[in-house]
Amino acid sequence: MGEKPKSAGVWPTVKPFVNGGCSGMLATCVIQPIDMIKVRIQLGQGSAAEVTKNMLKNDGVGAFYKGLSAGLLRQATYTTARLGSFRILTNKAIEANDGKPLPLYQKALCGLTAGAIGACVGSPADLALIRMQADATLPLAQRRNYTNAFHALYRIVADEGVLALWKGAGPTVVRAMALNMGMLASYDQSVEFFKDNLGFGEASTVVGASTVSGFFAAACSLPFDYVKTQIQKMQPDAQGKYPYTGSLDCTMKTLKAGGPFKFYTGFPVYCVRIAPHVMMTWIFLNQIQKLEKSVGL
């Protein structure tokens with residue numbers, strides 16, 4: 001009687017959140033250097049090899065992990081919330097469905113909801129991350145010079161008020177809903193497909209499904225990401241007017257200027273950025289779950 005009932009309490013509820021957060025943070029540690037190199041390539045500092053060589057020569061290994069605190073904080077909030085709530089939502093839906101696998105649209109709905117929950121929780125860290133990454137590109141007079149994620153959050157609250165932490169949260173939430181619908185629903189669906197229809201083993205199922213998941217996460221979210229970035233980085237002109245009044249305005253102006261494919265500007269680069277993180281997150285999540293099983297958690 002001593003130990004058993006405890007596991008029925010908090011742990012099963014907390015577990016998907018802990019696992020989600022850990023796998024997201026591990027994935028970030030792997031992807032962060034790649035992300036850093038990508039930013040430098042976009043700023044026109046040469047090819048991947050040149051950028052890597054110069055960063056190592058001038059700034060040492062630490063340069064690859066600039067802004068890691070904000071990235072990890074974002075995973076600890078956003079990925080914890082979205083992966084945890086997705087598991088809980090799908091488990092509830094499967095119960096309601098008499099234990100049968102869910103149809104794709106129900107998984108998509110769970111993914112949408114989980115994405116929205118995650119983005120609301122993670123929006124402040126996301127804002128800090130974007131501002132820290134964009135800081136280097138601003139003229140010296142306009143730089144915000146945050147030392148780390150918590151300093152950024154503190155300064156944003158002090159200078160602009162608490163609600164400023166959710167600045168641009170509208171587009172962030174919509175993008176997260178699209179990304180997580182693509183990522184979470186396609187992963188669960190692919191696992192079923194690879195396992196049951198193609199008879200894949202465990203390792204190849206996880207790698208295959210996480211690849212599919214990464215692609216759909218990128219494809220569903222890039223248009224929203226494009227709008228979100230435009231909104232978050234816009235500066236007022238001399239008269240204090242902003243180029244866009246909001247997301248919808250930005251969407252309409254972009255459509256007018258470049259047509260629907262304008263939203264898919266840089267899709268291969270975006271795919272290379274989003275997909276590996278999604279894949280890493282799933283692979284780490286799978287390993288963490290295996291480890292817990294072997295320890296009996």
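Predicted model: local features only at pLDDT ≥ 70, side-chain atom pairs only at ≥ 80, totals over all residues.
Q: Which residues in H3 and H6 meet?
A: From H3 you have Arg-74, Tyr-78, Arg-82, Leu-83, Phe-86, Arg-87 and Thr-90. On the H6 side they meet Arg-175, Ala-176, Leu-179, Asn-180, Met-183, Leu-184, Ala-185 and Asp-188.

Q: How many of those are nonpolar, polar or charged?
A: The contact of H3 with H6 has 8 nonpolar, 2 polar and 5 charged residues.

Q: Let's pick Leu-179. Is it buried or exposed?
A: Leu-179 lies in H6, and it is buried because its relative accessible area is 5%, where the cut-off for buried is under 20%.

Q: What does Leu-179 touch?
A: Leaving aside residues up to four places away in sequence, Leu-179 touches Tyr-78, Arg-82, Ala-217, Ser-221, Tyr-270 and Ile-274. Tyr-78 and Arg-82 are also among the H3 residues in the contact with H6.

Q: How far is Leu-179 from Gly-111?
A: Their C-alpha atoms are separated by 8.5 Å, and the two residues sit 68 residues apart along the chain.

Q: Back to H3. How does it cross H5?
A: H5 is the helix at residues 149-160. The axes of H3 and H5 come within 8 Å and cross at roughly 80 degrees. That puts H3 roughly perpendicular to H5.

Q: Who makes that contact?
A: Ser-69, Ala-70 and Leu-73 of H3, together with Ala-149, Phe-150 and Leu-153 of H5. That contact divides into 5 nonpolar residues, 1 polar and no charged.

Q: What about Thr-79, where is that found?
A: Thr-79 is in helix H3 too. It counts as buried, at 0% relative accessibility.

Q: Which side chain does Thr-79 have a polar contact with?
A: The side chain of Arg-82, at 3.4 Å. Skipping residues up to four places away in sequence, Thr-79 touches Gly-20, Gly-21, Gly-24, Arg-74, Gly-84 and Thr-281.

Q: New topic: Ser-213. Which helix is it found in?
A: Ser-213 is in helix H7, which covers residues 202-232. Ser-213 counts as buried, with 0% relative accessibility.

Q: And what does its side chain make a polar contact with?
A: The side chain of Ser-213 pairs with the side chain of Trp-282 at 2.9 Å. With residues up to four places away in sequence not counted, Ser-213 touches Gly-182, Met-183, Ser-186, Tyr-187, Val-278 and Trp-282. Met-183 is also one of the H6 residues that meet H3.

Q: Last one, Met-55. Buried or exposed?
A: Met-55 is buried, with a relative accessible area of 1%. Its helix is H2, residues 48-59.

Q: What does Met-55 touch?
A: Met-36, Arg-40, Gly-60, Ala-63 and Phe-64, not counting residues up to four places away in sequence.

Q: And how far is Met-55 from Gln-75?
A: They are 20 residues apart along the chain, with 25 Å separating their C-alpha atoms.

Conventions:
Residues numbered from 1 in each chain as written. Heavy atoms only, no water. Contact = heavy atoms within 4.5 Å. Helix = DSSP H or I, 4+ residues; strand = E, 2+ residues; numbered from the N terminus. Nonpolar A, V, L, I, M, F, W, Y, C, P; charged D, E, K, R; others polar. Buried < 20%, exposed > 50% of the residue type's maximum accessible area, 1.4 Å probe, protein only. Polar contact = N/O pair within 3.5 Å; in protein donor to acceptor, adjacent residues only side chain to side chain. Axes fitted to C-alpha atoms, helices over the stretch in contact; angles between N-to-C directions. Parallel < 35°, antiparallel > 145°, perpendicular 65-115°, else oblique.
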